[in-house]
Amino acid sequence: MSQQYPALLVIVPLLSAFIISGAGWVNKRLCFPIAVVALGVAAYSCIGLLLRVLDEGVIVYKLGGWDPPMGIAYYVDHLNGLVLTVVSMVAFLNLIASKKSIEQEFPDKTGPFYTLYVLMVTGLLGIVVTGDAFNLYVLLEIAALTGYGLLAMGEERAPLAALNYLYMGTIGACFYLLGVGYLYIATGSLNMVDIAHILPDLYQSKAVMAAFIICLIGVWLKMAFFPLHAWLPNAYTFAPSAASSLIAPLVTKVMIYVMIRLILTVFTPEFAFNILAVSKPIVWLAVIAIVMGAILALAERNLKKMLTYIIVAEVGYMVGGAWLGNRAGMTGAILHIVNDALMTLCAFLVVGNIVYKLKGYAFDDLKGLVRKMPFTMGAFVIGALSLIGVPPTCGFFSKWYLISGAIQAGQYAFMAALLFSSLVNVVLFFRVIEICYYEPFSEDHGHGHDHHPEPMAEAPLTMLVPLFIVAAGLVLVGLYTGDIVKHIIEFAIPQGIV
Amino acid sequence: MGDLIQIVVAKYNYWIYITLMMIGLYAMIVKNNLVKKIVGMNIFQTAIILYYVSTGAKKGATIPILEHGHDGHGAGAHMVHAVDYINPLPHVLMLTAIVVSVATLGVALALAIRIYNRYNTLEEDEILAQIREK
């Protein structure tokens with residue numbers, strides 16, 4: 001059984017998606033349990049796979065018994081073992097948390113929603129596990145197409161925002177496909193490991209260089225790296241809360257994983273950092289991304305949109321960290337994939353709870369919220385501290401690695417941008433906390449009501465428990481950062497990077 | 001100048017795909033009508049499909065089917081020369097890419113219908129004006 005984990009984590013959600021869409025016709029109440037079982041099996045396989053990788057090293061799974069490079073192979077090493085675990089856990093927790101809000105937001109569409117949800121997770125897990133460049137493109141489009149559908153289910157402006165995302169996302173995926181085409185012409189192979197073996201003789205080839213740059217731009221479009229970020233804020237803000245808390249933590253992070261995979265495995269760090277000599281300008285782009293993301297977030301008067309701009313800044317963290325070209329920077333980037341997925345999930349689950357109770361997420365709606373939803377706001381404070389980077393929450397440690405990487409590489413602008421963005425995050429979150437904790441609740445319009453406490457109206461337990469698990473996870477991952485780095489990330493980065 | 005013409009003529013398939021791709025990209029950026037943008041997107045995707053298909057072609061080669069694979073003395077009796085056959089792999093990949101592009105087109109048109117139902121127009125500036133009014 002444990003031999004088949006790599007196949008199970010893709011096939012079980014894929015088949016369940018079809019079963020769910022069928023079950024939706026029979027009885028809508030069947031959909032949720034099937035989705036839970038499917039994603040539970042996927043999460044179980046991912047954790048099992050990570051434990052096996054820690055034991056045995058890299059696992060190669062040949063689909064259908066065809067040998068690579070002819071057949072498609074799944075390669076699971078420490079890097080994607082870690083990312084798989086994070087993706088499946090986030091998807092599973094969010095699924096539990098989103099049950100109530102889906103029933104509230106679109107009671108007659110639960111079947112289609114869970115179908116798209118499970119299919120999207122299939123795509124994301126497939127992107128992470130696959131070892132084939134073209135297979136990655138197909139799974140990328142599965143994740144993207146279901147994502148457009150999920151985002152468009154939201155409020156009034158959602159379809160237009162999703163359509164804009166669709167234009168940009170399609171251009172991004174097409175660029176990636178084009179880059180793979182150039183690689184195929186140059187090497188005659190689509191298998192990532194095989195390409196990496198053939199490439200060293202071709203490093204001077206212009207086609208290979210073009211392939212790398214085109215792939216990179218495609219992936220940047222997909223991850224909303226600053227000048228290419230325009231689709232993200234609206235698409236995520238107007239989405240239904242259950243969809244945005246799945247897509248916001250995972251899609252950008254998985255695309256960062258793809259970029260790191262391209263650098264580390266396909267093109268090798270030697271080519272990316274030494275021969276191409278583009279790391280400096282890319283780190284500068286990341287600096288601009290971080291600063292602009294922070295400034296644009298400052299301008300927002302609405303919690304969910306503010307968070308989307310923070311995602312734009314966080315993408316800058318990870319791209320910059322990966323392109324610093326040293327071990328500390330790469331460690332920080334990989335660690336930040338894990339941490340940022342959890343932090344963003346925490347923040348968006350809080351937004352989900354607020355929307356569930358208040359039907360709004362503008363700053364004006366949040367006044368005095370802590371008396372109404374004390375547990376949700378408690379978790380929000382932990383998430384906010386982690387996004388700011390306060391120890392012992394996990395956000396501190398990945399920032400620490402990123403900053404020490406920046407100092408080692410002599411990229412002081414990147415260090416300054418990280419500090420600047422942390423300071424802006426302090427302003428952003430303390431403003432929200434101030435509104436929630438110290439301003440009187442706005443719903444009762446009388447003046448005399450202030451002196452007796454608001455009745456508590458917390459979100460249901462199925463939404464609170466996953467939120468607490470994530471909030472506890474933020475602290476736990478922070479406390480065990482040393483172990484994660486020593487046992488997993490150290491092996492994920494090739495020895496060549498020092 | 002002579003060199004340039006030679007480059008253009010020798011690699012004309014690349015020039016065609018680049019031209020098509022730029023037409024698609026132009027439509028997506030400049031056009032105001034959402035459906036025209038979707039059409040531009042489809043041209044963009046088709047350009048890449050054409051590019052892939054053209055890379056599999058070889059001069060004087062035929063479709064990759066073994067003509068006399070089974071007669072005579074069993075399989076492998078004839079040597080297969082790869083030069084005689086066009087490369088089928090890019091074509092097979094593009095079957096998948098065509099499916100993807102059809103699916104994308106479907107989703108895009110479905111979204112366009114939702115937008116039309118809500119705003120009663122597909123012109124982007126009119127939609128944005130309606131959003132601003134609210």
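Of the 232 residues in the largest nonpolar core, the ones touching the most other members are Val87(A), Tyr117(A), Leu151(A), Ala162(A) and Cys346(A). A nonpolar core here is a set of buried Ala, Val, Leu, Ile, Met, Phe, Trp, Tyr and Cys residues joined through C-beta atoms within 7 Å. Helix 14 of chain A gives this core its largest share, 20 residues.

This is a predicted model, in which local features need pLDDT of at least 70 and side-chain atom pairs count only at pLDDT 80 or more, while totals for chains, interfaces and linings use all residues. Residues are numbered from 1 along each chain as its sequence is written, with chains lettered from A and ligands numbered from 1 in the order in which they are written.

**Where the chains meet**

- The contact draws 22 residues from chain A and 25 residues from chain B; two residues are in contact if their C-beta atoms, placed from the backbone, lie within 7 Å.
- On the side of chain A that touches chain B, the elements giving two or more residues are helix 5 (133-152) and helix 6 (158-187) of chain A, and helix 6 of chain A supplies the largest share, 13 residues.
- Helices are DSSP runs (H or I, at least four residues), as are strands (E, at least two), and both are numbered from the N terminus.
- By class, that side of chain A has 16 nonpolar, three polar and three charged residues; Ala, Val, Leu, Ile, Met, Phe, Trp, Tyr, Cys and Pro count as nonpolar, Asp, Glu, Lys and Arg as charged, and the others, Gly among them, as polar.

**Helices 5 and 6 of chain A**

- Helix 5 and helix 6 of chain A pack at an angle of about 175 degrees, with their axes 9 Å apart.
- That angle makes helix 5 of chain A roughly antiparallel to helix 6 of chain A (angles over 145 degrees count as roughly antiparallel).
- Their contact has 19 nonpolar, one polar and one charged residues.
- Ala162(A) touches Tyr148(A), Leu151(A), Ala152(A), Ala235(A) and Leu111(B), leaving aside residues up to four places away in sequence.

- Gly188(A) sits in the loop between helix 6 and helix 7 (192-198) of chain A.
- Gly188(A) counts as partly exposed because it has 13 C-beta neighbours inside 10 Å; a residue is buried if 20 or more other C-beta atoms lie within 10 Å of its own, exposed if 12 or fewer, and partly exposed in between, with C-beta atoms placed from the backbone.
- A C-alpha separation of 9.0 Å lies between Gly188(A) and Ile198(A), 10 residues apart along the chain.

**Helix 19 of chain A**

- Helix 19 (residues 461-479) of chain A has 19 residues and reaches 27 Å from its first C-alpha to its last, close to the 27 Å expected at 1.5 Å a residue; the expected span is 1.5 Å times one less than the number of residues.
- Its buried residues include Met463(A), Leu467(A), Val470(A) and Leu474(A).
- Among the elements covering the buried residues of helix 19 are helix 3 (78-105), helix 14 (327-358) and helix 20 (481-492) of chain A.

**Chain B**

- Chain B has five helices and zero strands, and buried residues make up 22% of its 134 residues.
- Of the contacts in chain B with a separation of 6 or more, 56% join residues 24 or more positions apart.
- The buried residues of helix 3 of chain B, among them Leu34(B), Phe44(B) and Tyr52(B), pack against helix 6 of chain A together with helix 2 (12-30), helix 4 (89-119) and helix 5 (124-133) of chain B.

Note on methods. Axes are lines fitted to C-alpha atoms, for helices over the stretch in contact, and angles run from 0 to 180 degrees between N-to-C directions. Angles under 35 degrees count as roughly parallel, over 145 as roughly antiparallel, 65 to 115 as roughly perpendicular and the rest as oblique.
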